[in-house]
Each structure stands twice: as C-alpha cells, then as structure tokens.
Amino acid sequence: MTSDSRLERILEGGEFAVTSECGPPRGADPEVITKKGELLKGYVDAVNVTDNQTSVVRMSSFASCILLKEMGFDPILQMVCRDRNRIALQSDILGAAALGINNILCLTGDHQKFGDHPTAKNVFDLDSVQLIQTVKWMRDEGKFLGGDELKGVPKFFIGAAANPFADPFEIRVPRLAKKVNAGVQFIQTQCIYNLDRFEQWMGMVRDRGLHEKVHILAGVTPFKSVGMAKYMKNMVPGMDVPDKLIERLQGVEKENQAEEGIKICVESIQRLKAIEGVHGVHVMAIEWEQKVPEIVKQAGLHPRPSA
Amino acid sequence: MIVANRKPLEEIEEMVKGYGKIILAGCNECVTVCAVGGEKEVGILASELRLSRKKDGNEIEIKEVVLERQCDHEYIEQLRPFVDEYEAILSMACGAGVQFVAEKYRGKPVLPAVDTSFLGVTEEQGVWAERCQGCGSCVLDKTGGICPIARCSKSLLNGPCGGSTDGKCEIDKEVECGWQLIIDRLKELGHLEGYEEVTPVKDWSTSRDGGPRRRVREDLKL
C-alpha cells in the first residue's frame with residue numbers, strides 16, 4: 001500500500017469500487033457539502049471533490065475535502081493545473097496530506113473561458129501528467145520538484161482522468177500509457193454513454209496490459225431529462241452521447257424521463273461491471289446526489305465493503 | 001512577425017484629445033506587413049482623426065511619418081529635427097517600438113495606436129495567426145514543428161487534454177487543437193513512437209516568467 005486510502009485498500013483487495021462526487025458550493029456555507037455528504041454516506045467508498053469545475057469559482061476542493069473527512073469519508077482531492085503553479089500545487093499537496101487526505105486526482109482543468117471569470121489569467125505551469133509525476137516524486141523520493149528534501153512525505157493514492165471519447169481517438173490509449181508511466185494508480189473516466197466505443201477502448205487498454213497496471217473506474221452520469229442529454233451531446237466537449245439514448249428518453253413522458261435516466265445509468269453500470277479491467281464505477285450525479293443511493297442499490301453494489 | 005490590431009478610433013481620440021499638434025509615426029516592419037501601422041494605415045488614421053476633430057470644431061495638426069523601424073536607435077533619431085514642434089507622438093508600431101520611442105523622447109508623451117497581439121504568420125491574405133510565444137527554449141524538434149506552448153490553449157507539454165474534439169480545441173470550434181496538429185504531423189513523419197515518454201516539467205525561467213529578457217553579444221558590441 002502506498003497510502004492510507006480506503007479506496008486503495010478496496011481496489012488492491014480486488015473489490016469493485018464505487019466513488020461519487022460532490023461539487024462544492026458557490027459560497028461559504030459548509031452545510032451544502034455536509035448535506036451532500038449525508039446523502040452519499042454508506043453508498044460510496046470515496047468521494048471526489050471537484051476543483052472549480054468548468055472554471056466557475058466555488059469553495060476550494062481542499063476545504064470541502066476536510067468537511068467530508070470530518071464526516072468519515074475518504075475524500076479524493078481534485079487538483080487542476082489551471083489556477084496554481086508548482087509552488088502552490090506542492091504546498092497544497094503537503095497541506096492536504098497533513099490533514100489526512102489520502103487521494104488526489106490530477107487534472108489539467110477546463111479552460112477559464114467556460115467559467116464565470118473568463119478574463120482571468122491561467123497558469124498551466126504543469127500539466128496533468130506532470131502533476132501525477134510530481135505527487136509520485138514527492139511521495140516516493142521524498143523531495144520537492146526543486147530537489148530539496150521534504151520533512152514529512154505526503155502519502156497519496158494517485159489518480160487521474162481519462163476521456164476515451166476525446167480526439168484523436170488513436171492517442172487515447174497511448175495517453176493513458178503516458179499517465180501510467182508518470183505513476184498514476186487509478187483512473188476515473190469521462191461519463192460513458194457510448195458503451196460500444198468504451199468497450200473498444202478497453203480492448204485496446206487490455207491489449208497493452210494497462211488494465212493490470214492501473215485501476216480503471218468507469219464514469220457514469222444519469223440523465224435527468226432529454227434536455228440534459230441533448231446538452232451533454234451538443235455542448236460538452238469530448239462527450240459521446242448516442243442518438244438512441246436520446247430517442248429512448250424522448251419515448252417516455254416528461255415526468256418519467258428522470259426515472260428512465262436512472263434506469264439507463266443502472267444498465268450501463270451492469271454492463272461496465274462485466275468488462276475485464278473495469279475495477280469500479282464513478283457515479284457523477286451532478287446536483288442530483290440524492291439519486292446515488294438508488295443507483296448504487298439497483299446496480300447491486302450495496303452494501304459497500306467495510307475495508 | 002509581430003502582429004497587432006489597430007485600436008478603435010474612439011480610444012485613440014480619447015488619448016489625443018488634449019493635444020492640438022501631434023506626430024503620427026508608422027513603422028515599415030511587422031505592422032506594415034500585417035496592415036496595421038504602415039504608410040497606408042498612417043494616412044487613414046490621420047484622415048480619420050482630422051475629420052473627426054474638424055467636425056467637433058477642434059482641429060488637430062498631424063505630421064505623418066513612417067520610420068523604417070521603431071526598434072532601432074538610428075531610425076527613431078529621424079524624429080529629432082521636428083519632435084519639439086509637437087505635443088505628443090502617436091505611434092503605430094508594436095509595443096516595443098512605442099516604448100523605444102518613449103525612451104528616446106522622454107519629454108514627450110508617446111501613445112499607442114495599436115494593440116500588439118502576437119508573434120505570427122500570414123496564413124492567407126488578411127489572416128494572421130499566432131505561432132510562437134518566445135518562451136526562450138524551443139521544443140519544435142520534438143513536437144513535429146508545431147509549438148505546444150503557442151498552439152495549445154493550455155500550453156500543455158503532454159497533451160492533448162480531454163477537450164479535443166474533431167481536431168478542434170474546447171475553447172472554440174474555430175480554434176484548431178494544437179496537439180491534434182502535433183500528433184498528425186508526428187505520424188506523417190513517422191516519429192510518434194516517443195509520444196508515451198513523459199515530457200518533464202518545463203523551465204519557464206527563460207520565458208517572461210524569468211523577468212524582462214535581455215540578450216548581450218559581447219562580440220558584436222562596439
């Protein structure tokens with residue numbers, strides 16, 4: 001074991017893991033996070049806390065992780081390269097480790113153009129691959145990027161994202177290999193709606209033997225409505241939503257679309273569970289955390305192991 | 001070349017509103033090539049300003065000049081014989097030129113008529129695009145001749161990110177994904193095999209992050 005992470009114990013123990021995420025609030029109210037936490041308690045092994053997702057300013061991932069940690073969760077600190085240079089990133093890595101955060105998800109970060117401060121200056125001193133390398137270097141070599149010795153080493157279980165649907169498709173597996181080379185231990189994928197294409201990607205992952213070097217958690221997001229499905233298809237970069245799913249949602253009454261969305265999500269999880277090399281699911285119920293227990297139960301993933 | 005955009009007339013008018021007699025100085029280098037601050041553009045801007053001020057009953061006298069370069073002493077010196085007769089200098093050169101003129105004529109306000117944008121190329125008639133950010137340590141040998149610093153919206157050295165779709169960048173469907181271009185070119189060259197090696201963190205100290213840059217060639221100094 002490289003960390004005290006509960007998620008690492010579960011995955012290394014060969015159990016199928018379940019993670020979910022909490023988006024921090026647009027304000028200083030801690031209850032937004034703790035209420036979301038209450039909804040997820042007992043249904044997930046670890047909770048991601050997003051880092052100013054879509055470049056919209058929110059309570060910091062770090063602070064929100066601490067609130068969840070106090071509730072007994074094993075939070076996954078998401079860290080993007082958009083807003084902090086290597087000095088700030090390393091400093092936050094140390095601070096998070098000191099406060100008992102065991103998991104980190106290393107991300108590039110959305111461009112600030114999407115957010116509520118599009119006139120901001122971005123940083124991108126490191127990229128996500130270099131951030132993985134940095135956390136590993138600090139943990140395994142006990143040094144700063146600058147070369148000085150650390151007094152107290154941050155023991156992180158290191159994660160990253162993968163988007164099997166972004167372009168160029170042919171580079172998606174080599175890019176995963178690159179993250180593995182950098183030291184990533186678990187991967188959470190972009191929301192998967194096109195399962196055929198995901199299976200094709202997993203086949204390529206297995207051909208390279210990468211599924212034995214990194215734990216892959218397949219990302220799912222339930223649709224609340226046909227409108228949301230269309231938005232995901234047309235407006236979210238790197239998202240592949242097949243038309244047949246949109247048609248399926250269109251085929252049910254508006255008031256039943258949410259239920260149909262949950263059904264699609266559960267069916268997806270069942271299919272994902274059967275794919276060799278998929279070691280867990282990452283349920284991203286965006287501002288719909290109350291549905292996570294239902295999804296987890298219906299997918300036959302409850303109760304969670306005590307680990 | 002250095003590519004610039006002319007500022008809107010209203011903004012320039014606001015800058016020169018307190019002056020009745022100015023020099024409008026174009027530059028024969030980059031800003032001429034990108035059609036923003038050469039002889040023709042000097043003529044146009046001077047006419048626009050004169051007309052607009054005449055309409056307001058507050059005429060302005062403008063001396064139009066086009067210097068060979070505004071980034072070299074010898075050419076800027078050409079303003080010296082008449083500079084004292086004018087209240088301000090409105091420069092159509094890039095930011096470097098504006099500043100160099102200001103350094104030389106410390107007693108005169110020197111005003112920018114253009115917004116300096118980037119180091120780029122003429123992609124086609126009327127279209128200029130960025131190619132270089134002057135980071136001070138070139139990696140083009142490793143990236144198929146396409147710069148990840150200038151062409152990727154996030155300057156990723158281990159790209160592409162998850163926002164690349166159909167060869168386009170997540171920030172805009174009109175913007176090409178720099179990493180798609182890099183990968184396509186490396187593939188064409190048969191050099192894709194190194195892709196999985198992690199490019200280590202960059203030394204940005206040679207870039208602007210290291211402070212204002214200066215290059216000294218002792219062998220060339222007089």
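Two residues are in contact if their C-beta atoms, placed from the backbone, lie within 7 Å. What you're looking at is a predicted model, where local features need pLDDT of at least 70, side-chain atom pairs count only at pLDDT 80 or more, and totals for chains, interfaces and linings use all residues. Residues are numbered from 1 along each chain as its sequence is written, and chains are lettered from A, with ligands numbered from 1, in the order in which they are written.

**Chain A overall**
- Chain A has 11 helices and eight strands (DSSP runs numbered from the N terminus: H or I of at least four residues for helices, E of at least two for strands).
- Its C-alpha atoms fill a box of roughly 60 × 45 × 45 Å along the principal axes.
- Of the 307 residues in chain A, 53% are buried, meaning 20 or more other C-beta atoms lie within 10 Å of the residue's own.

**Where chain A meets chain B**
- Here, 26 residues of chain A are in contact with 22 residues of chain B.
- On chain A's side, helix H5 (128–141) and helix H6 (172–182) each supply at least two residues, and H6(A) gives the most, with five.

**A helix pair in chain A**
- The axes (lines fitted to C-alpha atoms over the stretch in contact, with angles from 0 to 180 degrees between N-to-C directions) of H8(A), residues 226–235, and H9(A), residues 243–250, come within 9 Å and cross at roughly 165°.
- H8(A) and H9(A) are therefore roughly antiparallel, a label for angles over 145 degrees.

Conventions: Parallel < 35°, antiparallel > 145°, perpendicular 65-115°, else oblique. Buried ≥ 20, exposed ≤ 12 C-beta atoms within 10 Å, placed from the backbone.
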